[in-house]
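Hi there,

Here is the structure I promised to pass on to you. Have it open while you read, and my notes will follow below.

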Amino acid sequence: MKQDERYHHILEAALRLAQSKGSYRALTRGNVAEAAGISPGLVSHYYLMTELLRLEVLELAIKRGILPLVAEGLVAGEPVAQRAPMELRARAAVALIGGEA
């Protein structure tokens, strides 16, 4: 697998894992590596800090409109979530309180 493909493979695996756990903040180097079928060291090679991977997962969740993860980012006060489009932030907030989004 090429470097660019590996990078996206890790990011997609992390996003799927965050969705299944209901939290991007629950991502660890180990659980992402397991989900991607690679070693934790390879995750570290592409993402030097787990927090950077978490933020990229949040950015991808925003692009794809994944409301539970966007809501988590808003609650955590993440600047990237606060810069998301107003409509998406509103839908995520409604979803957070259990309403229809």
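This is a predicted model: local features need pLDDT of at least 70, side-chain atom pairs count only at pLDDT 80 or more; totals for chains, interfaces and linings use all residues.

L52 has a relative accessible area of 40%. Buried means under 20% and exposed means over 50%, so L52 counts as partly exposed. You will find L52 in helix α4, which covers residues 50-64.

Now for the overall picture. The protein has seven helices and zero strands, and its pattern along the sequence reads α-α-α-α-α-α-α. The C-alpha atoms fill a box of roughly 40 × 20 × 20 Å along the principal axes. How does the radius of gyration of the protein fit with that of a compact globule? For 101 residues, such a globule would have a value near 13 Å, and the protein has 14 Å, so the two agree.

A few totals go with this. Of the 101 residues, 40% are buried. The protein exposes about 5700 Å², and carbon and sulfur atoms supply 55% of that area. If you take the contacts between residues at least 6 apart in sequence, 48% of them join residues at least 24 apart.

Next, have a look at the rings. The count of aromatic pairs comes to one. That pair is formed by Y7 and Y47, which are stacked, with 5.3 Å from centre to centre and 20 degrees between the planes. The pair links distant parts of the chain, because Y7 sits in helix α1 (residues 3-21) while Y47 sits in the loop between α3 (40-46) and α4, 40 residues apart.

How do the two partners compare in accessibility? Y7 is partly exposed, at 22% relative accessible area, whereas Y47 is at 3% and therefore counts as buried.

Finally, which residues does Y47 touch, leaving out those up to four places away in sequence? They are Y7, I10, L11, L52, L53 and E56. L11 is 36 residues from Y47 in sequence, and their C-alpha atoms are 9.7 Å apart in space.

Best wishes

How values were computed:
Residues are numbered from 1 along each chain as its sequence is written. Side-chain values use heavy atoms; hydrogens and water are left out. Helices (H or I, at least four residues) and strands (E, at least two) are DSSP runs, numbered from the N terminus. Buried means under 20% relative accessible area, exposed over 50%, partly exposed in between (1.4 Å probe, protein chains only). The radius of gyration is taken over C-alpha atoms; the globule rule is 2.2 Å times the number of residues to the power 0.38. Contact means heavy atoms within 4.5 Å. Accessible areas come from the Shrake-Rupley method with a 1.4 Å probe; for residues, only the protein chains shown count as cover. Rings of Phe, Tyr and Trp (its six-membered ring) pair if their centres lie within 6.5 Å; planes under 30 degrees apart count as stacked, over 60 as edge-to-face and the rest as tilted.
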